[in-house]
Amino acid sequence: MTTLGLKGPVRIRREHAAVLVTFGLLVAMFAAGSIVYPAFGSAQVVVDLFIDNGFLLVIAIGMTFVILTGGIDLSVGAVAALSGMLCAFLLGQWHWPVAVVLPLVLLVGVGFGFGMGYVIHHFEIQPFIATLAGMFLARGLCFVISVDQISITHPFFTEWAQTRIPLGEETNVTPTVLIGLVVFAAAFWTLHYTRFGRAVYAIGGNDQSALLMGLPVARTRIRAYMVSGLCSALGGILFAFYTISASGLHEVGTELDAIAAVVIGGTLLTGGSGYVVGTVLGVMLLGTIQTILRFQGTLSSWWTRIAIGVLLLLFILLQRLLGSSRTRR
Amino acid sequence: MPGAVLEMIGVSKGFPGVRALADVDFRLFPGEIHALMGENGAGKSTLIKVLTGVHSADAGEVRLGGERVTVTGPQHAQSLGISTVYQEVNLCPNLTVAENVFIGREPSKAGAIRWREIRRRAAELLTRFGVDVDPGARLGTCSLAIQQLVAIVRAVDISAKVLILDEPTSSLDRDEVEQLFTVMRRLRDDGVAILFVSHFLDQVYEVSDRMTVLRNGALVGEYETARLSRIDLVGHMTGRTLSTLEQLHVRDETARVQAEPVLKADGVGRRGAIAPFDLEIHPGEVVGLAGLLGSGRTEAARLMFGADLADSGTVALGGASVPLRSPNAAIQHGVAFCPENRKSEGLIEDLTVGENIVLALQAANGWLRPLSQARRQELVGRYMTALRITPADPDMPARNLSGGNQQKVLLARWLITQPKLLILDEPTRGIDVGAKAEIQKLVVSLAEDGVAVLFVSAELEEVLRISHKIEILRDRRLIAEIGDTGSVTPEGILEIIANGTTS
């Protein structure tokens, strides 16, 4: 993961540096955890990071597309919650088959993304506002379905929740982890080896230029939000697998966690610069902080928030420092 | 002569309050370099935007190879074989040079982009056009000139039947311009039709075969370059005679006052920007800063205004040493600065012309003491008349003005504060001959009124014409000072730059 298939001398670019810093911090934190808590260093802890944060990983990957275009998507948590509610409702109340429900739910997510992307591009609405509206809409729809938490009893979900795929002797993973990895691979390939992916970067770099260079700006921008919607819906389904329940109060604040993970992973909020692998590292870093606090045992989980806040500030300052060398010509 | 590859017949285009194009005919033949001439606001940009589908024409038709076409957008124009390189480089700074050449049409196999092929083909193209740059370098790290050439390489590689170059040379130095012209001539010989827009008459005469002249949105005529004298061309463009230009040559040398210098810089420098230099500017004196692109002209000017902090030396304003820690400090001491990039560093496009003009005065007064409406109107009106800003509507958003008029608005903003020292960084870049002459004349008359002017310009002729004293910069170092500007020629200055002292 150096020059993205561009053979040649490996340059330490700004965006590389940011990813490397995140990686270094992750390794350091993990090493520290392993020294203080001997049980911390096991492979299962690493795998658990993926298991516990699989849904966030998928959502954050979708968010990466949007942020790379220079936008933001605040609706992801609400769309994820809505997806869970739809699953629970359609399976539990209407008894629709899983093979219909899951594609439908993903389609709803894509539809949300399309709607917001369309409004953002064609009416030139700030992404912040358009997706805020989407967030309220999706969150509201959750409570239209039910104001209470619904537990999901469908055998497909309960089985899925218990499935473990062995990985060596003492380690095993859930299917969620595999889905997360597949989404990561697909996102990486899309961003770096398709015209759509490159157009995402181009728009983030300069959308006026992209338009004048003949790139399909409208289509690309709307698709980025559709990718984010799809990932949110998938994330919501994964979360439903994880908890075997759905509620309109699930995933509150997830959009902010996802944004934090993307930024900590080295992606510029102004767009055009960053890597999806950075996002994976960002999610891992957030997960590691939580795990350390769990091992520590006495500190309140709110310390996670404080740690994330400090990290976020550090990374934004770091980006500013790394970026300042190129702004002056 | 073969048929025209591109034809516009009776094209009109209006914007609210502005008639940008009125019944314009235009022909472009394969294998020619055709210059589109006209003052700012004459309709050149609009014509190009109609050709590339950014704007749709209100009336008239565009024919490509004899067939009537309706260009719906830049992408469509590109697919029709009309490629454009705009005045401002329209590429993505965050992508590599190679990717900028190929984005949107990347070679791919089974849906996957083939990076190796992109790198290889980009390297080939860049070598063929003699552009010396690593295809893997991020575009944002390259100089403006390289970025411009990369944009041209991209446009040309999109198998352009028609290549539109909108002021491609305004940020290139002489060598780079020559390099560009070589490429343009080769393309012309290959049968490409090139539409070339430039404000530099020398360049137009050097490279173009024919030209079309526009004035106030209307067609003046189509001429063969070799058969049209410069005087006639300028006459066609401006609708005036050249008397304003001629007048400038008569300069009153006695106007120069040998009093206390307005500004005295002593060993002022900034690491990485400009080596320490000394500079004196007296009241009523125009001091020119000459040098090639990147020689430190702008950097020196910015230090005098406190826009950048000097890390050595002292600046005395009006005899007293002043620490120039911020532009505000400089403004308080009567220094005004018109930056080079009027769009991003000066003019606020969303505000009206009037608001733009009073901005600096209001800032100097402080926000707690707003100007009265009557005083504002009086001031704005006076300066708009004095500088002949058109259209003379103070309530029009500044973005609707042509480049030359935007520059005048910026000038008005600073003149209104009645500065003792006016720093002008490339005030005439990218504006037309008529407006250029007016601004030069204005500078001269300001100096006659006792204002000291520091004048930065890439055009040596211009610097020579209006300066009393010229400071020559090279490689971020002040290498010579010419006190008597009557005895030097542009060639003489170039020679100093070429052979000047090096460290």
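Q: Which residues does Val150(B) touch, leaving aside those up to four places away in sequence?
A: Not counting residues up to four places away in sequence, Val150(B) touches Leu91(B), Val97(B), Asn100(B), Val101(B), Val131(B) and Leu139(B), contact being C-beta atoms, placed from the backbone, within 7 Å. This is a predicted model, where local features need pLDDT of at least 70 and side-chain atom pairs count only at pLDDT 80 or more, while totals for chains, interfaces and linings use all residues. Residues are numbered from 1 along each chain as its sequence is written, and chains are lettered from A and ligands numbered from 1 in the order in which they are written.

Q: And which residues have the most contacts inside the largest nonpolar core?
A: Ile59(A), Ala60(A), Cys87(A), Val150(B) and Val162(B) do, in a core of 172 residues. A core joins buried Ala, Val, Leu, Ile, Met, Phe, Trp, Tyr and Cys through C-beta atoms within 7 Å, buried meaning 20 or more other C-beta atoms within 10 Å.

Q: Where does the largest share of that core come from?
A: From helix 10 of chain A, with 15 residues; helices are DSSP runs (H or I, at least four residues).

Q: What's in the second core?
A: That separate core of 72 residues includes Ala310(B), Leu324(B), Val409(B) and Ile416(B).

Q: Switching topic, how do helix 7 and helix 12 of chain A pack?
A: Helix 7 (residues 175–193) and helix 12 (residues 276–296) of chain A pack at about 150°, their axes (lines fitted to C-alpha atoms) 9 Å apart. That makes the two helices of chain A roughly antiparallel, a term for angles over 145 degrees.

Q: Which residues meet there?
A: Phe184(A), Ala187(A), Phe188(A) and Leu191(A) in helix 7 of chain A meet Val276(A), Val277(A) and Val280(A) in helix 12 of chain A.

Methods. A residue is buried if 20 or more other C-beta atoms lie within 10 Å of its own, exposed if 12 or fewer, and partly exposed in between; C-beta atoms are placed from the backbone. Two residues are in contact if their C-beta atoms, placed from the backbone, lie within 7 Å. Axes are lines fitted to C-alpha atoms, for helices over the stretch in contact, and angles run from 0 to 180 degrees between N-to-C directions. Angles under 35 degrees count as roughly parallel, over 145 as roughly antiparallel, 65 to 115 as roughly perpendicular and the rest as oblique.
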